[in-house]
Amino acid sequence: MQLTVGEIVEGKITAVKDYGVFVDLGDGKSGMVHISEIAQTYVSQIRDFVKEGDQVKLKVLSVSDDGKISLSIKRAQEPKNDSVRPARQEKKAYTPKPAIVPDSSYVWTAKKSESASFEDMMSKFKATSDEKFSDLKRKNPDAKRNRRTGGMK
């Protein structure tokens with residue numbers, strides 16, 4: 001009996017160890033199923049899933065040059081519908097949010113035709129800033145109290 005990788009075979013469990021099980025495949029061949037290849041779920045105790053003498057269906061994972069045969073029970077089974085992950089949903093194309101445009105009434109820009117000195121620009125900025133601050137005070141009368149108490153009422 002020539003074994004090929006990917007082939008599904010049947011065998012009888014001859015020994016159960018903590019790390020896996022040994023399986024007799026017939027014709028004097030035997031292989032091993034690692035604990036990670038026992039079941040579709042996490043396996044902490046192999047004896048909860050199989051026992052010596054069980055006849056199992058196996059998939060041949062590899063055959064090494066020295067004759068060691070690596071087998072899998074879980075890969076030989078049909079996948080259960082409830083354990084199969086749903087297909088990933090297509091990602092929606094990224095659509096950027098519209099940019100927030102500041103209120104133009106609060107934006108001061110020097111006109112290119114003006115050749116203002118730094119002091120003139122600073123005084124205009126200060127005047128505009130004072131106007132904005134007084135507008136905020138009028139809109140929120142608690143602002144002064146909040147500022148003094150560190151934001152707490």
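Visitor: What share of the contacts in the protein with a separation of 6 or more comes from residues 24 or more positions apart?

Guide: Such residues account for 52% of those contacts. A contact here means heavy atoms within 4.5 Å. Some ground rules come next. This is a predicted model, where local features need pLDDT of at least 70, side-chain atom pairs count only at pLDDT 80 or more, and totals for chains, interfaces and linings use all residues. Residues are numbered from 1 along each chain as its sequence is written, and side-chain values use heavy atoms, with hydrogens and water left out.

Visitor: How many helices and strands are there, and in what order do they run?

Guide: Helices (H or I, at least four residues) and strands (E, at least two) are DSSP runs, numbered from the N terminus. The protein has 2 helices and 5 strands. From the N terminus, the order is β-β-β-β-β-α-α.

Visitor: What part of the protein is buried?

Guide: Buried means under 20% relative accessible area, exposed over 50%, and partly exposed in between, with a 1.4 Å probe and protein chains only. Of the 153 residues, 20% are buried. The protein exposes about 12,800 Å², of which carbon and sulfur atoms supply 52%. Those areas come from the Shrake-Rupley method with a 1.4 Å probe; for residues, only the protein chains shown count as cover.

Visitor: Which residues have the most contacts inside the largest nonpolar core?

Guide: A nonpolar core is a set of buried Ala, Val, Leu, Ile, Met, Phe, Trp, Tyr and Cys residues joined through side-chain atoms within 4.5 Å. The largest one has 20 residues, and Val21 and Leu58 have the most contacts inside it. The elements giving two or more residues to this core are strand E1 (8-16), strand E2 (20-26), E4 and E5. Take Leu58. Leaving aside neighbours within four places in sequence, Leu58 contacts a list of residues including Ile8, Val23, Val33, Leu71 and Ser72.

Visitor: Where is Ser72, and what does its side chain reach?

Guide: Ser72 is in strand E5. Its relative accessible area is 0%, so Ser72 is buried. A polar contact is a pair of N or O atoms within 3.5 Å; within protein, one must be able to donate a hydrogen and the other to accept it, and residues adjacent in sequence count only if both atoms are side-chain atoms. The Ser72 side chain makes one with the side chain of Glu37, at 2.6 Å. The Ser72 side chain also reaches the backbone nitrogen of Lys74 at 3.5 Å. Beyond four places in sequence, the contacts of Ser72 include Lys57, Leu58 and Lys59.

Visitor: How many salt bridges are there?

Guide: Side chains of opposite charge can pair when their charged atoms come close. The rule for a salt bridge is a side-chain nitrogen of Lys or Arg within 4 Å of a carboxyl oxygen of Asp or Glu. The count is 3. One of them joins Arg75 and Glu37, with the closest N and O atoms 3.0 Å apart. Arg75 lies in the loop between strand E5 (69-72) and helix H1 (118-139), and Glu37 in the loop between strand E3 (29-34) and strand E4 (55-63), so the pair ties together parts 38 residues apart in sequence.

Visitor: Which residue forms a salt bridge with Lys51?

Guide: Asp54 does, with the closest N and O atoms 3.3 Å apart. Asp54 sits in the loop between E3 and E4. Lys51 is exposed, at 53% relative accessible area. The Lys51 backbone takes part as well: its nitrogen lies 3.0 Å from a polar atom of the Asp54 side chain. Not counting residues up to four places away, Asp54 touches Gly11, Lys12 and Ile13.

Visitor: What separates Lys126 and Asp130 in helix H1?

Guide: They are 4 residues apart, about one helical turn. Lys126 and Asp130 form a salt bridge, with the closest N and O atoms 3.7 Å apart. Lys126 is exposed, at 53% relative accessible area. Asp130 is partly exposed, at 44%.
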